[in-house]
Each structure stands twice: as structure tokens, then as C-alpha cells.
Amino acid sequence: MPAVLAGALAALFVGSLTNTVVGIALPTIAGELGGQDQVPWVASAALLTMTVATPLWGKAADRRGPRDLLLAALGVFVAGSLLAGCAPAMGVLLAGRAVQGAGAGGILALTNALVAGLVPARERGRYTGWFGVSFGTASVAGPLVGGLLVGAPGPGWRWCFLGVIPVALGAAALVRLAPHRVPAAPRGGVDLLGGALLTAGASGTVVLLSAGGRTWPWASWPTAALAAAVLGAAAAGVRQERRAADPILPPRLFCRRGLTVACATGFLVGAVMFGGVIYLPQYLQVVRGHDATEAGLLMLPQVGTMIVASTLAGRLITRTGRWKVFPVTGCALVTAGAVLLSPLAPDTVARRGDGRPRRGHRPDPAGARAGGAERRRPR
């Protein structure tokens with residue numbers, strides 16, 4: 001069991017790291033491969049396929065068992081990482097990121113399913129804490145790792161993708177030790193129509209939020225047409241899932257208030273966290289003038305607090321059996337942090353207690369207005 005847990009944690013770590021390690025490398029990638037207008041899709045491509053793939057991997061595990069599906073997801077992730085790391089052009093990089101995201105979606109869903117099948121319900125709080133440490137560390141340590149790789153004279157940005165391959169292969173070797181448990185026979189055939197409709201609705205939502213206001217204005221007919229198509233696909237998908245004998249995402253699950261609240265909370269907290277992890281490093285580099293290594297180090301406070309909070313919460317949940325206070329407190333702290341960060345602007349100045357600027361502070365609002373990337377080309 002310890003070896004399987006270590007493999008699951010390592011898999012979760014690399015699956016989470018892929019979403020955040022790339023943020024700090026985006027200016028360098030744009031400088032080498034070109035395609036500045038496509039840079040936002042380097043992050044969005046993986047999020048798009050991850051959103052679509054996660055429920056599909058989960059449903060496949062219900063029919064085939066989580067172990068073999070997790071091994072398959074790790075294989076897809078390794079293939080996407082290799083393609084992205086060796087990309088000669090921006091289009092190939094985007095394709096690699098899409099494949100990488102599809103594998104990461106399976107990793108995030110199936111690591112939890114694998115361990116949940118091996119651990120009694122009373123002990124899951126402890127393991128959930130370890131999962132929180134792995135996910136949280138990867139999420140907020142990504143900018144630091146990416147900064148060290150990009151800023152170092154040797155590795156370069158390609159190792160943001162190639163460097164996770166050995167860890168993923170090691171995780172697969174440990175996961176292979178888990179017992180293979182085949183679920184009971186399904187009640188019906190595969191709900192292909194429901195899967196297609198859910199895929200269309202989820203992918204359309206990500207494209208709408210990523211391209212709206214950038215590729216075309218929010219108040220335009222393409223935005224309205226895509227929004228209508230997304231709503232139509234979502235409505236048809238819900239109707240199909242209600243009628244299917246073995247639905248991919250049963251709507252009855254959301255009749256449970258706890259699940260609905262947990263999903264909504266995860267969505268909102270994830271939006272705040274990933275937004276900060278992806279865009280704060282770019283702000284520190286392009287606007288404030290820090291190099292990639294410095295920007296990564298400036299993200300360290302978030303790493304330390306998340307590790308401590310995840311470990312402590314998991315132990316306390318296992319010891320006391322109480323869990324509601326922890327997500328409530330976490331949401332309050334996330335809200336407070338977002339409020340404190342909200343005044344950030346290109347000319348924001350860090351000051352000491354006496355009102356004078358801090359030593360080493362390098363405000364550069366002129367460079368921010370000029371675009372930043374043209375002012376200081378990445379290495």
C-alpha cells in the first residue's frame with residue numbers, strides 16, 4: 001500500500017504540475033517559437049482537453065477498474081509531454097499540450113479512485129490530506145520549478161515538459177503494484193451520445209471563456225452563437241443523461257447538496273488559484289521586470305502555506321471526523337487573499353513601514369505600457 005500511495009501521489013504531482021509550470025515559461029516560448037497571439041492557448045489547450053477527458057476517464061474506470069485506466073492515462077500524458085517538449089513550432093506545442101491535458105484529466109480523476117478503493121472510509125481524510133499536499137505543492141510550486149528551468153543556463157523551457165516524463169514513468173511502475181479490481185458488470189452499453197454532448201458543452205465553455213473578449217468581442221454574433229450552442233449541447237446532454245441506462249455523469253448525483261456545494265466550491269477556488277498561478281508569474285516578469293527565477297521564488301509563500309494547511313487539515317479530519325470547518329476557512333482565506341491582490345497595477349510600488357519604496361524594487365510601468373516582452377526579450 002505505501003508503494004501504491006507513493007505512485008498515486010507522484011502521478012497526481014506531475015498531472016497537476018503541467019498546468020502551472022508552463023505559465024512562467026510563456027514569454028520565453030513566445031520569443032523562441034513566435035506566435036505571440038497563440039500564447040494564451042498554450043495553457044488553455046491543456047485545460048480544454050482536461051475538462052473534457054476527466055468525466056470520460058472516470059466513467060471508463062467504473063467499467064474497467066481504476067488501475068489499468070490510470071496506467072493508460074499516464075501513457076497518454078507521457079506522449080503529450082514528449083511531443084510538447086520537442087515541438088519545433090507553436091502548432092505542434094499546442095497539439096502536445098492538448099494530449100498532455102487529456103492524460104492529466106485521467107490522472108487527476110483516477111488517482112483518487114484508486115486510493116479510495118484501497119482505504120477504509122474512516123482513514124480517507126489522512127490520505128486526502130496527502131493528496132492535497134501533492135496537488136497544492138505542484139500547483140503553486142510550478143512557477144518556481146519553471147523559473148529555475150527557464151532561468152538556468154542549461155535546461156531551458158523544453159524541460160518544463162520533458163522533465164516530468166521520468167517521474168510519470170516511475171509513478172506508473174508503482175501504480176502497477178496495486179491490485180486490479182474489476183467492477184460489477186455495467187447495466188447497459190456505453191452512453192456515446194451523452195459523452196459527445198457533454199464533451200461539446202464542456203469544450204465549448206472553455207473556448208467561449210478563452211476566446212471571448214480576445215479573439216472576438218463579448219458583444220458580437222460569434223460569441224452569442226457559441227454561447228447558444230453551448231447551452232443547447234448542455235441541455236441536450238442533461239436530457240440524455242437522465243434517460244441513459246448507464247449515464248456518464250448521472251444528474252441524480254447533484255441532488256445531494258454536499259456534492260453540489262463541493263463542486264461549486266472547487267470551481268470557484270480553482271478559478272482564483274489557477275488564475276493567480278498562471279498570470280502572477282507573467283506579471284512579475286513582464287510588468288515588474290524580474291527574471292524567471294526571481295518570479296518563481298516570489299511565489300514561494302503560497303507553496304509553504306498550502307503544504308502546511310493541507311497536511312494539518314488531513315490529520316485533523318482523520319482525528320476528529322469533522323471536515324466542514326476546513327473548506328469554509330479555506331474559502332474565507334482565498335477570498336481575503338484575492339481582495340489583497342486586487343489593487344495590483346503596473347505602477348504598484350512595494351513600500352516599507354515608513355512609506356519609502358523597498359530596497360531592490362524596480363517599478364517599470366513604462367515597460368508594461370510598451371508591452372514588456374518587446375522591452376526585454378526572454379533568454
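How exposed is leucine 259? Leucine 259 is partly exposed, at a relative accessible area of 32% (buried means under 20%, exposed over 50%, partly exposed in between, with a 1.4 Å probe and protein chains only).

The model is predicted, so local features need pLDDT of at least 70 and side-chain atom pairs count only at pLDDT 80 or more, while totals for chains, interfaces and linings use all residues. Residues are numbered from 1 along each chain as its sequence is written, and side-chain values use heavy atoms, leaving out hydrogens and water.

**View 1. A nonpolar surface patch includes Leu259.** Leu249, Phe254 and Leu259 make up this patch, with about 230 Å² of accessible area together (Shrake-Rupley method, 1.4 Å probe, only the protein chains shown count as cover). Leucine 259 sits in helix H11, residues 257-287 (helices are DSSP runs of H or I, at least four residues).

**View 2. Here is tryptophan 157 with its contacts.** Beyond neighbours within four places in sequence, tryptophan 157 touches Ala25, Thr28, Ile29, Glu32, Leu33, Ala84, Leu93 and Val150 (contact means heavy atoms within 4.5 Å).

View 3. Threonine 137 belongs to helix H6 and is buried, at 15% relative accessibility.

Key: Patches are made of residues with over 30% relative accessible area and no salt bridge: like charges are joined within 9 Å, nonpolar side chains (Val, Leu, Ile, Met, Phe, Trp, Tyr) within 5 Å. A salt bridge is a side-chain nitrogen of Lys or Arg within 4 Å of a carboxyl oxygen of Asp or Glu. Helices (H or I, at least four residues) and strands (E, at least two) are DSSP runs, numbered from the N terminus.
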